[in-house]
Amino acid sequence: MKNKLILQKVYTVSSKRGKPRLWLQHIVNETANFKPGVTLYIHVDEDEKTITLQNSPYTHAGNVHEVSVSSRVNRVSGQPRPLVDASGEKFSTVLCIQDKIEISVYRNGDFGQVIVRPLRFRLFESETFESPADERLRLISICAGSGLGSSLFVDTSFYTATMEVEIEEDSASVLKHNLPYSFLVNSDLRDVNLVAKGDVAFVTLDCSEFSSLGDLDQGYFDNLILGTYKILKAAEPRVIFYENVPQFYQSSTYNDLQQLLSHDFPYHVGPIRLESHAFGSIARRDRSYAVSFRDKEDFDLFRIPKPPAVRHKRLKEFLDPASTVHVWKSLDKWMNSFKSKAEKNNSWSERNIEKTFVTEEATELQCIPRRYRSQSASNSYVLSKDRKSWRFLTVSELRRIFSIPDWFEFPSHIPIYRIYEMIGQSVCGRVIKSFANEIASVFFRRHASESSTQRVEKSDNLKLSLDQSGQIGFVI
C-alpha cells in the first residue's frame with residue numbers, strides 16, 4: 001500500500017534566533033502520527049528544495065538529522081498535543097523567512113511522513129490527482145468549516161469525502177478527526193494549488209459579508225471567488241451545490257463566480273429559498289440553495305426537494321434526559337437588563353421576545369446562530385417549568401435538533417464555546433440531506449438510462465436556468 005496524501009497546510013515561515021523556523025502545528029503531527037517523545041528523522045534535499053520528516057529511519061539517505069517531538073498540554077482536554085519546533089542553518093537552503101511553504105502529510109498505517117517545500121502555485125493552472133474511488137460519488141467541499149455539511153453528504157451512504165478546503169485550524173482538526181482519509185487543505189482558498197478530482201462540489205463561502213448577523217464587511221471576500229473558481233475548474237465536478245444566506249445570491253461575489261463558471265456549467269437551478277422548519281426542523285434556518293450542472297442531461301433529471309408533510313416535534317422530544325444537571329439563570333435578571341435597553345434607546349429593546357424563552361411544548365425555535373451562547377433576544381432558550389429560570393440548549397440537544405450524524409464527534413481539545421459556534425454556523429441536516437439525495441438520484445437515474453439506451457449527444461449550447469417555481473429560462 002502506498003503512502004496516501006491526506007493533509008496539506010500552507011503557512012508563512014517565521015524565524016527563531018534569526019534562523020528559519022520549522023514549525024509543525026498540532027494538526028500536522030496528529031495527522032502524521034507523530035506522537036510526543038517520538039524521534040523524527042529529517043532529510044534535507046537541497047536540489048529538490050524539500051525537507052522530509054518521518055517517524056522511521058531512512059534506509060538510504062544522507063544529510064539526515066534527528067529531532068524529538070515535543071508537546072503542549074491542551075487546556076481543555078488536559079492532554080498533551082504534539083508539536084515540532086526546530087530551526088537552524090540546515091533549513092535555510094529550503095526555507096526563507098516570511099515566504100509561504102506547503103506542508104504535505106502522508107500516511108500508511110502507523111508510518112507517517114511530512115514533506116515541506118516552498119509553496120508551488122500557478123495563477124491559471126492547478127495540479128490535480130485522481131482520488132481513489134469506492135463506487136460512491138466523490139465529494140469536494142470548499143469552505144468546509146468543521147465538516148458537518150460534508151458529514152451529512154457522507155451519511156447518506158452515496159458519497160465519499162474526497163477533498164475539503166478550510167482555513168480555520170480548529171475547524172480543520174474537527175474535520176480531519178471525522179473524515180480521516182479525505183484530502184484536507186488547511187489554508188487560504190487563494191493558496192490551493194493541488195486539487196483532487198471529484199463528482200460533486202459543495203460550496204459554502206463565508207456569509208458574514210451578507211448575513212444580518214455577520215459583520216457586513218463589504219467586499220472582503222470578493223477576491224476569494226478566484227480561488228474558488230480555480231479549484232472548481234481543476235476538480236471538474238459534474239455538479240456544484242451552493243448553500244448560503246439569501247442575500248449572497250444577489251452579490252457581485254456570486255454573480256462573478258457564475259460568470260466565470262458559465263462556460264463549464266451552463267445549466268443552473270436556483271437560488272431556491274427554503275426554511276428548515278418546513279422540512280421538520282424545530283429550529284428556523286432561512287437559507288437559499290443553488291445547483292449548477294455541467295451536462296444538460298443532469299439538469300433535466302434534477303428535482304428540487306419539496307418540504308415533506310411532517311409533524312413538527314415538540315422541544316421536549318429533543319431535550320436531554322430529566323436526570324441531566326443544567327445551569328439555570330434568572331429570568332428576572334435577564335428581563336431587567338432587556339428593559340433597561342429601552343432607556344438607552346437601544347434598538348434591541350424593541351425586539352419581539354415571544355420565541356426567546358420557550359417551554360418544552362414549543363414546536364418552533366428561532367435560528368440558532370454562531371453566537372448562540374450570548375444573551376440575545378434573537379436566540380431561543382429553554383424556560384423552566386416554574387417560568388422563573390432559563391438555560392441554553394446543550395450541545396447534545398442541538399445535535400438532535402440539527403440531525404447531526406451520531407458518528408460525528410468533536411475532539412476533546414475543542415472548547416465548548418467553539419463547538420457552539422461550529423454548530424451555529426453550520427447547516428440544517430434535514431435540508432442538506434434532501435439535496436444530497438436528489439443530486440445522487442441524478443447520477444443513478446442517468447446511469448440507468450445510459451445503460452439501457454445509447455446516449456444521444458447534446459446538440460445545443462444554450463445556457464438554461466430553473467427557478468424555484470419550476471420555470472425554465474435562458475441565462476443571458
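How many nonpolar, polar and charged residues are in the lining of the largest cavity? By class, that lining has 2 nonpolar, 2 polar and 4 charged residues, where Ala, Val, Leu, Ile, Met, Phe, Trp, Tyr, Cys and Pro count as nonpolar, Asp, Glu, Lys and Arg as charged, and the others, Gly among them, as polar.

The model is predicted, so local features need pLDDT of at least 70 and side-chain atom pairs count only at pLDDT 80 or more, while totals for chains, interfaces and linings use all residues. Residues are numbered from 1 along each chain as its sequence is written, and side-chain values use heavy atoms, with hydrogens and water left out.

**The chain as a whole**

The protein chain holds 10 helices and 25 strands, which are DSSP runs numbered from the N terminus (H or I of at least four residues for helices, E of at least two for strands). Of its 476 residues, 52% count as buried, a word that stands for under 20% relative accessible area, with exposed meaning over 50% and partly exposed in between (1.4 Å probe, protein chains only). Among the contacts with a separation of 6 or more, 70% come from residues 24 or more positions apart, a contact being heavy atoms within 4.5 Å.

**The cavities**

The structure holds 3 cavities of 30 Å³ or more. A cavity is a set of points, on a 1 Å grid over the protein atoms alone, where a 1.4 Å probe fits but cannot get out, and lining residues have an atom within 4 Å of a point. Grid points are joined across faces, edges and corners, and a volume is the space filled by probe spheres set on the points. The largest cavity has about 50 Å³ of space, and its lining is made by Q8, E102, R120, E127, D191, V192, N193 and L194.

**Strands and their partners**

Two strands pair if DSSP finds at least two bridges between them.

| Strands | Sense | Bridges |
|---|---|---|
| β4 (residues 39–45) and β5 | antiparallel | 5 bridges |
| β5 and β10 (residues 111–118) | antiparallel | 4 bridges |
| β12 and β13 (residues 159–165) | parallel | 6 bridges |
| β22 (residues 381–383) and β23 (residues 389–391) | antiparallel | 2 bridges |

Strand β5 (residues 50–54) is largely enclosed by the rest of the structure, because 5 of its 5 residues are buried. T50, T52 and Q54 lie on one side of β5 and I51 and L53 on the other, and both faces are covered. Within β5, L53 is the bridge partner of I42, whereas T52 stands opposite I115 in β10. In the hairpin of β4 and β5, with 4 residues between the strands, K49 takes a positive phi near 55°.

Strand β12 (residues 137–142) is mostly covered as well, with 6 of its 6 residues buried. One side of β12 carries L137, L139 and S141 and the other R138, I140 and I142, and L137 has Y159 of β13 as its bridge partner.

An open sheet of 4 strands has the order β20-β23-β22-β21, with mixed pairing. Its edge strands, β20 (329–330) and β21 (357–358), each pair on one side only, and in β23 the bridge partner of L383 is W390.

**Residue E275**

E275 is placed in strand β18 (residues 267–275) and is buried, with a relative accessible area of 18%. Leaving aside residues up to four places away in sequence, E275 touches A283, R284, R285 and D286.

Key: On a 1 Å grid over the protein atoms alone, a cavity is a set of points where a 1.4 Å probe fits but cannot get out, and a pocket is an open set with protein on both sides within 12 Å along at least five of seven lines; lining residues have an atom within 4 Å of a point.
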